[in-house]
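Hello,

Here is the structure for you to look over. My notes follow below it.

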Amino acid sequence: MSEKRNMNGLEKDDILHKEYLRENPYTLPDNYFASVEDAVHRRIHKEETGSNPVLAFFKTSIALASLFGIVFGFGYGAMYLTGTLDQEEETVTYASLEGDSSIDELITKIMGNSPIIETAEEIEEYPNMPDTLSINKEQIEQYLIDSNISISTLASLE
Amino acid sequence: MPEDKDILEIYKQEGKQEYAFNLLVRKYSERLYWHIRKLTCSHDDANDLLQSTLVKIWQNLPTFREESKLYTWIYRIATNETLTFLKRKRLSSFLSLSDYDSVLENKLQSDKYFNGDKLQLALQKAIIKLPDKQRAVFNLRYFQQMKYEDISEIMNTSVGALKASYHHAYHKIKAELENEFE
């Protein structure tokens, strides 16, 4: 057993003991190493001239600003394409109205100065209202008969 | 070719730094290139990493305190650069749901600068399957026949751990080759 072992303690007939396996199986482009020295000096020069800290700071700032622009642009574009941009503006308008007004003020802002009339008494308070609002009971009955409205619908109106 | 200590003496002389560095480049470029090339399996990657290694050597030479040998210090920079590169590549491969071992194997098979026979190709393929650090240890010991003490300085690992790692790698590769060829 000991005869079969070499200085590394590995068997002599070991497949990895074929000496040619330790040879380099790779080749190289012609005259490669002749060009390495120049290439390294060019790279050193480039790194030394390109490592200005002020320039590096501005590079970072410009990169961050560009990133923000891209993210904002994508967001705006997506909202524009999906139509959520308009909805959001509308929501913002109503939200701002709600923020500083009561419900009555809100209605006034939306309706303008037109009064909201709910009862017959209120009609009397607004004599300048157009004639279409002063409809009598007979006219309403005649309209309902002409419209062929069913008894059940009329009952539900009661 | 001058000895490392002579190059360092030249480097310490006023205005001779660039000349001393050129001596180092001429002395170590080829050895470092093959070390990196066997780990990356690609000439282009090896070329790029060799250049960045030499740039780092130039940048860090003023702080080299001669606590270790110059050549193990140089190899440590090259090995760290390469292992960091492989780590980054493996991460980007993982994120793109591919296997970097397969990428390396494909590089090896399509490499127009690979000149070996079937057994040499199988050996390289078996080496690729090892973890990167273990590959570096195996290559330094098997191909460059470097002393464990020097590999220990390069890898910053104890000699005992290196011996265990090398023998584990050796038997794994041997089993794979025997399985394929015997």
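How many salt bridges does the rule find across the interface of chain A and chain B? The rule finds 2 there, a salt bridge being a side-chain nitrogen of Lys or Arg within 4 Å of a carboxyl oxygen of Asp or Glu. A:R43 pairs with B:D48 in a salt bridge, with 2.9 Å between the closest N and O atoms.

The side of chain A that touches chain B is made up of 15 nonpolar, 5 polar and 9 charged residues (nonpolar: Ala, Val, Leu, Ile, Met, Phe, Trp, Tyr, Cys and Pro; charged: Asp, Glu, Lys and Arg; polar: the others, Gly among them).

This is a predicted model, in which local features need pLDDT of at least 70 and side-chain atom pairs count only at pLDDT 80 or more, while totals for chains, interfaces and linings use all residues. Residues are numbered from 1 along each chain as its sequence is written, chains are lettered from A and ligands numbered from 1 in the order in which they are written, and side-chain values use heavy atoms, with hydrogens and water left out.

In contact terms (heavy atoms within 4.5 Å), 29 residues of chain A meet 46 residues of chain B. The two chains bury about 3500 Å² between them, 61% of it on carbon and sulfur atoms (accessible area, 1.4 Å probe, lost on being put together, summed over both). On the chain A side, A:L16, A:R22 and A:Y26 lose the most area to chain B, together 21% of what that side buries.

Leaving aside neighbours within four places in sequence, B:I57 is in contact with B:F21, B:L24, B:L32, B:W73, B:I74 and B:I77.

Regards
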